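Notebook open, structure loading. I'll jot down what I look up as I go, strands to start with.

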Amino acid sequence: MDYATVKAAGDAAGYQNSVGQYIRIEGENADKTSSQMLYPRQDQSSPAVYPSSPKVLLNNTIGGTSWQEAGQWVEWSFEVPESGYYNIAAYCKQNFVRGIDVCRRISIDGEVPFAEMSDYGFGYEQSWREDVLSDEEGNPYSFYLEAGTHTLRMEVVLGDMADIISTVQDTVQMLNSIYRQVIYITGVAPDQYRDYQLEASLPGLEAELVEARASLNKAIEALRVTAGRNSDKLTTLLTMQDQLDELIEDQERFVEVLSSYKVNVRACGNWITQVLSQPLQIDRIMVYSPENHQEIPSSGFFSKLGYEIQRLFYSFIVDYNQIGNAIDDEEEGVVLTLWIGTGRDQANVIKALIDENFTSETGINVNVQLVDMNTLLRATLADEGPDVAIQVANTNGIAGAVLNTGNDTPVNYGIRNAVLDLTQFSDYEEVIQRFSESAVVPFSFNGATYALPDTQTFPMMFYRKDILAEIGLEVPTTWDEVKVAMTVLAKNQMEFGMLPNEQTFAMLLFQNGGEYYSENGDRSLLDSDIAVATFKQYCEYYTDYKLDKATSVEERFRTGECPLIISDYTTYNNLQVSAPDIAGLWDFTVVPGVLQEDGTILHSTGSTGLADIIMANTEHPQECWEFLKWWTDAETQTLYGREMESLMGASARVATANLEALANLSWPIKDYRELMQQFEQVEGIPQVPGGYYTWRNVNNAFYSVTTDSSSTGRTQVATPREELMDKIIYVDAEISYKREEFGLPVAEEE
Amino acid sequence: MANEAVSSGVSQEALDIAKKQGTLRYQIARNKASYFMIAPYFILFFFFTVLPVLMSIALSFTYFNMLEMPTFVEWKNYIKLFLEDDIFLISLKNTLIFAVVTGPVSYMLCLLFAWIINEFKGKLRAFLTLIFYAPSICGNAYLVWNLILTGDRYGYLNGILLKLDIINEPILWMQTEKYVMPVLIVVQLWLSLGTGFLSFIAGLQTVDKSMYEAAALDGVKNRWQELWYVTLPAMKPQLMFGAVMQITQSFAVADISINLAGNPSVNYAGATVVTHLLDYGSTRFDMGYASAIATILFLLMVGTNKLVQKILGRVGE
């Protein structure tokens with residue numbers, strides 16, 4: 001029933017406007033929500049939001065970017081003193097999505113009062129604004145409410161957008177398939193001066209183009225109707241449509257516009273992701289008598305100005321590093337200082353977990369501080385350092401960049417006596433069982449272990465099911481099969497995606513049975529026959545097989561240019577979230593391996609991850625150990641992982657090193673099995689004093705070999721064996737030098 | 001003696017006063033106000049520039065891994081630096097190439113541009129000055145070169161060259177030894193139109209106009225002669241300032257090398273003295289050695305400065 005009918009019925013029943021009522025519902029005091037992700041948020045952008053403070057962050061709103069998926073709802077309950085007609089308004093912010101309205105289904109007491117409320121739209125505006133629920137002409141709707149308690153629920157709905165989105169999704173599928181057919185003939189970079197005769201080779205092409213265009217047009221028309229005006233959300237689709245018109249007229253144009261075609265199709269894919277999300281942030285909802293409309297206090301220019309000046313002033317005083325409350329007084333019990341190396345979201349979650357589960361049970365207080373880990377070294381020197389530091393990456397990196405190279409920080413700090421050796425604690429043996437043996441390898445040296453693993457990641461192979469099916473290729477399981485696959489891919493103008501980095505080299509080395517260093521770490525074993533053969537193989541991929549050395553393999557995976565790639569397993573999470581145009585069309589599995597004598601295939605890879613360390617100058621080593629034990633146990637890691645995922649979505653899934661916790665995270669069963677299959681064959685990359693020299697020199701040798709001989713000015717092509725052996729001499733020298741420094745026995749000269 | 005003084009017409013009293021006025025203490029007390037005025041700058045300068053240099057020289061004689069107290073090792077660091085360190089030689093070579101090429105070239109470019117822009121008036125001049133000065137004020141503006149020089153076949157430079165059929169395969173610009181130095185030199189030139197340029201413009205403005213007239217009367221025939229005989233000598237202080245700035249800049253090149261070519265760069269192609277120093281200081285935990293490198297660099301820079309000043313002293317003769 002629409003509004004007019006309902007209103008008429010109400011008037012007929014003798015309902016009157018209520019008088020003088022003004023009920024305010026604070027958005028953050030929601031009664032119920034549909035998911036854990038919808039909890040009160042802090043907003044400091046305006047003094048009109050209630051409650052507001054220029055100094056501290058207050059929970060004053062609800063929603064925002066976490067309230068965006070269809071089906072999520074928030075419900076409030078409120079008291080109405082007098083029966084009658086009321087108007088409803090919301091003080092809200094929708095500065096997330098331009099060009100279309102963000103829709104909500106508004107229901108009172110479980111029922112949608114009239115048809116217009118089943119998908120009410122909130123348009124884009126840069127800052128907080130009051131939105132009175134009204135019709136297109138601006139007349140506020142009247143809601144009849146009896147005296148008593150009521151509930152108001154707002155649910156995210158796609159409304160009219162749902163059909164449009166599904167039409168566009170189908171169109172994108174069609175366009176992708178056309179693209180692949182065309183590059184089968186022309187390759188990804190077609191020759192401008194050649195006539196490929198596409199119409200003759202692909203007779204069905206025009207028909208497919210026409211069909212795609214018709215489907216796209218349907219979506220565009222529907223969007224015009226819904227969005228009401230020429231919104232900028234139409235631009236992407238219109239651009240695609242124009243290009244399709246061009247191509248329908250003359251298919252040979254593909255040769256010229258191929259790359260912009262690809263870009264446009266990708267833009268349409270992104271369009272879907274953007275349009276699917278409908279965020280809205282609510283500060284308060286006002287239910288009031290029609291004549292009793294009140295202005296929002298503190299929303300004028302001068303109050304904003306005063307507020308911003310205060311905020312500027314406070315920014316000099318407030319300590320943004322400190323998360324949550326800081327406990328100074330030692331009398332209350334032991335106080336630990338914890339430094340976190342990742343980000344603010346992680347720090348907030350960890351602080352909450354600590355307060356709830358750790359401090360309450362052990363009585364140990366923890367001051368959580370979010371600090372740039374590059375300062376860890378200097379802080380330790382100045383005695384201003386923490387007691388414990390978690391999520392520490394390698395010496396020169398930021399937490400996210402540790403994926404492609406080993407983590408050498410714990411061993412480097414440990415041999416210089418800056419972090420504690422954890423084997424001194426009595427229950428160390430028990431605790432270390434929580435992790436895979438390979439995770440602890442990079443953090444151990446000379447019988448001591450200097451850190452507990454926080455995360456652990458390793459490479460896996462990703463493949464495009466649709467493309468491989470089209471070209472009739474099976475997923476390769478050994479490197480010989482990969483070489484065959486590369487020829488098939490090349491015939492179809494595609495490539496195998498594998499970047500030259502430490503993880504790739506380690507994978508090949510371990511599969512061939514090689515080692516990095518000798519037993520006690522006193523010399524490098526990369527000059528052994530196995531290692532040299534591995535290095536030769538590694539270089540071949542980039543010289544004989546001409547794999548691209550600097551590119552984004554994940555991007556190419558998405559466009560279909562590299563249907564087989566080797567990449568870190570966390571790429572799975574990225575693809576899930578940011579590549580909806582290939583959803584369901586890809587999968588991952590163990591990396592290709594080496595056939596062994598007994599018929600099995602060895603799929604080893606290296607691994608790397610973040611570390612948790614206890615600083616040596618702490619006054620409470622035992623309490624620090626208790627904390628680390630608690631932090632790395634299965635329960636805490638599971639809670640942390642689940643919280644991070646609900647907070648930031650599937651792309652923030654934690655690559656925890658605790659095996660039990662990994663099983664508890666929301667991996668689909670099939671994918672989890674693949675992951676575990678690879679995990680069984682993962683090995684750690686060892687770290688030794690002077691070890692930073694190893695990868696540097698292998699990389700130098702690699703570039704000497706793979707760069708064109710003319711560009712290095714050499715008269716002969718560098719051979720892998722010579723280059724590697726040359727460089728390993730440097731590595732051995734550096735290792736010996738460092739060992740001398742620390743009084744360790746140096747390797748004997750041969 | 002007193003008798004001599006008395007007989008030469010100067011009283012004993014006057015001698016005493018002269019002696020007292022000669023002492024430093026008296027001089028300082030007399031110029032109290034001036035000392036107070038330079039005190040803030042001087043204190044900061046001392047604590048943040050002079051003191052760290054002295055500490056660095058002191059540290060260069062120790063072994064210091066930054067996590068434990070330093071231990072005295074006398075000349076060991078310097079011996080290793082001069083006799084065993086191959087990479088230091090590469091980095092020194094690179095830095096000198098930088099200094100020799102970008103130093104004078106950029107200096108002359110600055111002067112040329114300043115001279116040309118000086119011909120314009122008012123708003124147009126201000127606008128042109130802004131355009132030339134902009135890259136050096138914009139902080140890390142050179143990061144845009146990373147985007148242009150990416151080794152991906154779809155990167156800007158690679159893409160254009162591939163399309164024009166100048167190359168057949170994408171080139172990894174910053175990982176190919178023979179391209180690293182030329183690229184860094186170009187970027188450094190692009191960045192170096194900085195403070196030197198501004199000071200030249202100021203200098204050109206302050207040249208006394210009547211000097212040009214006098215020179216014309218004395219037989220100066222064209223703009224070049226005017227430049228050499230009138231403008232440049234009148235601008236000597238600015239030339240000196242500009243020279244000092246350019247020298248320091250070109251010896252201290254490190255940021256662009258680290259951000260474009262990486263640290264360590266492939267086969268140390270982009271290594272300069274400062275990147276080598278940072279490598280030892282932060283990656284290799286050997287601050288004592290890094291301090292030794294810093295001290296050598298300091299001596300090198302001071303020496304070069306003196307040399308440049310001597311050369312500039314002869315401008316206009």
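I started with β14(A), residues 335-340, and found it mostly covered, with five of its six residues buried. Buried here is under 20% relative accessible area, exposed is over 50%, and partly exposed lies in between (1.4 Å probe, protein chains only). Helices (H or I, at least four residues) and strands (E, at least two) are DSSP runs numbered from the N terminus.

Ground rules, before I forget: this is a predicted model, where local features need pLDDT of at least 70 and side-chain atom pairs count only at pLDDT 80 or more, while totals for chains, interfaces and linings use all residues. Residues are numbered from 1 along each chain as its sequence is written, chains are lettered from A and ligands numbered from 1 in the order written, and side-chain values use heavy atoms, with hydrogens and water left out.

**Neighbours of β14.** I looked up its partners, where pairing takes at least two DSSP bridges between two strands. β14(A) runs parallel to β15(A), residues 365-370, over six bridges, and V335(A) sits opposite N365(A). With β16(A), residues 388-392, β14(A) also pairs in the parallel sense, over three bridges; there I340(A) has I390(A) as its bridge partner.

I then traced β14(A) through helix α8(A), residues 344-362, to β15(A), and got a right-handed β-α-β unit. Right-handed means that, with the strands pointing away from the viewer, the path from the first strand over the helix to the second runs clockwise.

**Another sheet in chain A.** I noted an open, antiparallel sheet of five strands, ordered β2-β5-β11-β7-β8. Its edges are β2 (32-33) and β8 (120-122), each pairing on one side only. β2(A) joins β5(A), residues 73-80, by two antiparallel bridges, and T33(A) is partnered with V74(A).

**Greasy surface, chain B.** Which element gives the most to the nonpolar patch? I found α4(B) on top, with ten residues; α3 (24-30) and α4 (32-59) are the elements that give two or more. The patch has about 1300 Å² of accessible area together, and its members include L24(B), Y35(B) and F48(B). I38(B), in helix α4, counts as partly exposed because its relative accessibility is 48%.

**Cysteines.** How many disulfides are there over all chains? I got zero, taking a disulfide as two cysteine sulfur atoms within 2.5 Å. C92(A) is buried at 0% relative accessibility, and C268(A) is buried at 1%.

Notes:
Patches are made of residues with over 30% relative accessible area and no salt bridge: like charges are joined within 9 Å, nonpolar side chains (Val, Leu, Ile, Met, Phe, Trp, Tyr) within 5 Å. Accessible areas come from the Shrake-Rupley method with a 1.4 Å probe; for residues, only the protein chains shown count as cover. A salt bridge is a side-chain nitrogen of Lys or Arg within 4 Å of a carboxyl oxygen of Asp or Glu.
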